[in-house]
Amino acid sequence: MKRITIDPITRLEGHGKIEIFLNDAGEVADVFFQVPELRGFEKFCQGRPVWELPSIVPKICGVCPVDHHLASGKAVDAVYGIDPPPVAKKLRTLYHCVHRIHSHIAHFYALAAPDFVMGPDANPAVRNVLGVVGKVGPELGGAVLKARRLAQDIQAMMAGSQTYPNWMVPGGVSKGLKEEERKQIEQHARYFVEFAKTSIKVFDDVVLKNKAYVDLILSDAYKLVTHYMGLVDEKNHLQTTYGKVRVVDTQGKEIVKYDAKDYLQHVAEHVEPWSYLKFPYLKAKGWKGFVDGQDSGVYRAAPLGRLNASDGMSTPLAQAEYERFFKTLGGKPVHSTLATHWARIVELVGAAEVALQLATDPEITNPKVRELPQQKPSEGVGIVEASRGTLTHHYKTDEKGMVVAVNLIVGTTNNHAPICMSIKRAAQGLIKRGQQITDGVLNMIEMAFRAYDPCFSCATHSLPGQMPLEVVVREKDGTIVARRQR
Amino acid sequence: MPKLKIGLYWAAACGGCDVSVLDLHEKILKVAEAADILFWPIALDFKEKDVEAMPDGHMDVCFFNGAVRNSENEHMAKLLRKKSKVLVAFGSCSYLGGVPGLANFYQREDVLRTVYCGSPSTPNEKKTIPQEKTTEKVGELKIPAFYAQVKTLAQVVPVEYFLPGCPPAVEQVWAAVEAIVTGKLPKPPAVVGASDKALCDECPRKKGEKKIKQFRSVADTIPDPEICLLEQGIICCGPATRAGCGYRCIKANMPCRGCYGPTPGVIDQGAKMLSAVASVIDSSDPDEVEKIVAGIPDPAGTFYRFSLPDSLLRGVRVEEAK
């Protein structure tokens, strides 16, 4: 038995580590994707006043603090049984869309694009965002930086700081929009829509017009047949911030549509001793292990999950791109993991359009941005779609609002089992006995989990857009027989 | 002047400090002009063994964000200390312990049990808790051990400079970088990239006499956006907190929770906040004072929101069984 370790940050405090075990014939025997990190928010949020949690939980992740801030705010509303005024919901949605734009831009251009623009087996020295800019031109590079900066600026304007949001209060938000702020957001949102259109074209030119890439996307090494999850509105259109959670099966048929408060009836989590991160599954199907298919409880969230779980987009440009997505990839549901990159672009378009709609909504500057609680606090669940999957916050309090229990199912966690399985499938498809493990092979294994934009790899939001990798092939006794590094 | 050699590292962190560096946007290119970045796991492809291969003191400056939560964090802190002339604790977690430091109110086993055995969505009938070592059919798997308590960087190695904030404000990151590039750093150890005043001194809100008969919270009040929050009875950690953030929470009409750490010369931020609160209570009748103080829920978790591991309290202490 040989072992290959892919340790993204090489024996450092980790955000994910891959262990590949080869059998004596040199084929992949098993693969483990481990998350070596735990901070225990579920415990130390206990004893805090519940209205403080929206400013504590963004510290779970500095890359997606806004998703946690919003899920927490919604959970606190539910704890107090308050329905925020319409403008507060619109402001939250606007803010969420702007964050989504920032996050999807960072992922697509800094991380995903290098694999396609430069090629999966290009020289690692150029397979990064700088290489991409060199190839597509500095104009696009400048536009990417500008769009990301504008999105960060709006978040700071609305909620105090772009990385430390402190804005959610029970029943609404702490601050509304002034007309001059609204104007600025509208101007930026117009830029986002144009930028999103450019992104469609970039994806078209770079990926879709290259048959080899379309074949790669549709290949078995990157396919996983699972159920899908995402928030939808009453028309089953994809939503970010409000709506119900819809789950469809491997055929695209609705299994369930549930309100946040009922999540425990539908989702459960499995624990393995070798990873600090848990493995969610559909309760009705049960945990059947790391297997895909109609009988498995494994489902997927995030952009691909959301497109599959919805019946369409609520805005015209995004809807057109949604239709093209399914038409090109052979109809619903799409099981190809790498299609997640395209799904992310569809969402980018949708988020830009919704941001513009809301920035030009006559009500958006209404100063009535919150209701004060009238009921005694007790228990509540808040769900939003984080960039990386359905995010659930569940709080219980005593009658003074002091937190007695917190349960969290975080975006990326939904995809934990699928990530493990996708890596295994890619490794099985790509590592052949007797063949050298090249940098290209390594990168193509890495592409299987990079598509999920896993949040424990905040490294994926890096400038050159590449996780450092080291693969060590060892004999059973631990002696190194091969080492490859980039 | 030769180019500076710098390194950046994250330990037990959320990634927000690194985002703060990325938010320098185009200025990052200026940093690259003035300095060679030799180590930055979020962005660059250098590894631990590259650091190990450096001569001692090879890097001019290393920015270290995140707290020390496990043995790997500690190992890296010691390694980077040895290889750097100047070590900077970057952000609240590294400087003070940060929000994850609130875990020091609890015991290690309690944290693990809550996450894996106490969650309503986790049936876990076998009561499985992740282990440092696991033996699977194909071989042995390892994950780092979870320390009993969160530690600050300076509790593990000597530190020259502290750059506060959760995360540090982008303009303060830039100010610190400029100070380093131009050699204008103060004598260590010192806080850099922040003000020497308290947040209250820079806060633009109208301030009058503070006389509090009843404390309130954002759960039951819509604060006036122009008037000092503490005067309105809302606990705001401004009096005990160093300025430098650009009063970003105050601008959102929300109270400060102290992420920039204690004011100069103060050892314990929470104790300082406690005395600030005591001084605004408008009563000398012990019964009434008690009633007013009871209106502050969770004083420990509020006053020490970002600084518990660095405080005199540090957290729960458990006698190790011999």
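# Reading a two-chain model, feature by feature

Biologist: Not counting residues up to four places away in sequence, B:Trp40 touches B:Gly7 and B:Leu8. What puts two residues in contact?

Modeller: Two residues are in contact if their C-beta atoms, placed from the backbone, lie within 7 Å. One caution first: this is a predicted model, so local features need pLDDT of at least 70 and side-chain atom pairs count only at pLDDT 80 or more, while totals for chains, interfaces and linings use all residues. As for labels, residues are numbered from 1 along each chain as its sequence is written, with chains lettered from A and ligands numbered from 1 in the order in which they are written.

Biologist: Where does B:Trp40 lie, and is B:Trp40 buried or exposed?

Modeller: You'll find B:Trp40 in the loop between strand E2 (35–39) and helix H3 (48–53) of chain B. Helices (H or I, at least four residues) and strands (E, at least two) are DSSP runs, numbered from the N terminus. For burial, count the other C-beta atoms within 10 Å of the residue's own, again placed from the backbone: 20 or more is buried, 12 or fewer is exposed, in between is partly exposed. B:Trp40 has 21 C-beta neighbours inside 10 Å, so B:Trp40 counts as buried. Also, B:Phe63 sits 23 residues away from B:Trp40 in sequence, and their C-alpha atoms are 9.5 Å apart.

Biologist: Zooming out, what does chain B look like as a whole?

Modeller: Chain B has 12 helices and 10 strands, and its C-alpha trace spans about 65 × 60 × 35 Å along the principal axes. A handy size check is the radius of gyration, taken over C-alpha atoms; the globule rule is 2.2 Å times the number of residues to the power 0.38. For 322 residues the rule gives a compact globule near 20 Å, and chain B, at 22 Å, agrees with that. Of those residues, 49% count as buried. Among chain B contacts with a separation of 6 or more, 73% join residues 24 or more positions apart.

Biologist: And how many helices and strands are in chain A?

Modeller: Chain A has 15 helices and 16 strands. Its buried residues make up 63% of 486, and 70% of its contacts with a separation of 6 or more come from residues 24 or more positions apart.

Biologist: Which residues touch the most other members of the largest nonpolar core?

Modeller: General idea first: in soluble globular proteins, nonpolar side chains tend to be buried together. A nonpolar core here is a set of buried Ala, Val, Leu, Ile, Met, Phe, Trp, Tyr and Cys residues joined through C-beta atoms within 7 Å. The largest one holds 239 residues, and A:Ala355, A:Ile423 and B:Phe64 touch the most other members. Helix H4 (residues 86–118) of chain A is its top contributor, giving 19 residues. Leaving aside neighbours within four places in sequence, A:Ile423 is in contact with A:Ile18, A:Val31, A:Phe33, A:Ile445, A:Ala448 and A:Phe449.

Biologist: How many residues of chain A are in contact with chain B?

Modeller: Between the chains, 74 residues of chain A are in contact with 70 of chain B. Elements giving two or more residues to the chain A side include strand E3 (28–34) and helix H6 (138–159). Sort that side by class and you get 38 nonpolar, 18 polar and 18 charged residues. In this scheme Ala, Val, Leu, Ile, Met, Phe, Trp, Tyr, Cys and Pro are nonpolar, Asp, Glu, Lys and Arg are charged, and the others, Gly among them, are polar.

Biologist: At what angle do helices H10 and H12 of chain A pack?

Modeller: Helix H10 (residues 302–309) and helix H12 (residues 340–359) of chain A pack at about 70°, axes 8 Å apart. H10(A) and H12(A) are therefore roughly perpendicular. The contact includes A:Leu304 and A:Leu307 of H10(A), and A:Ala343 and A:Val346 of H12(A). Its residues divide into six nonpolar, one polar and two charged.

Technical notes:
Axes are lines fitted to C-alpha atoms, for helices over the stretch in contact, and angles run from 0 to 180 degrees between N-to-C directions. Angles under 35 degrees count as roughly parallel, over 145 as roughly antiparallel, 65 to 115 as roughly perpendicular and the rest as oblique.
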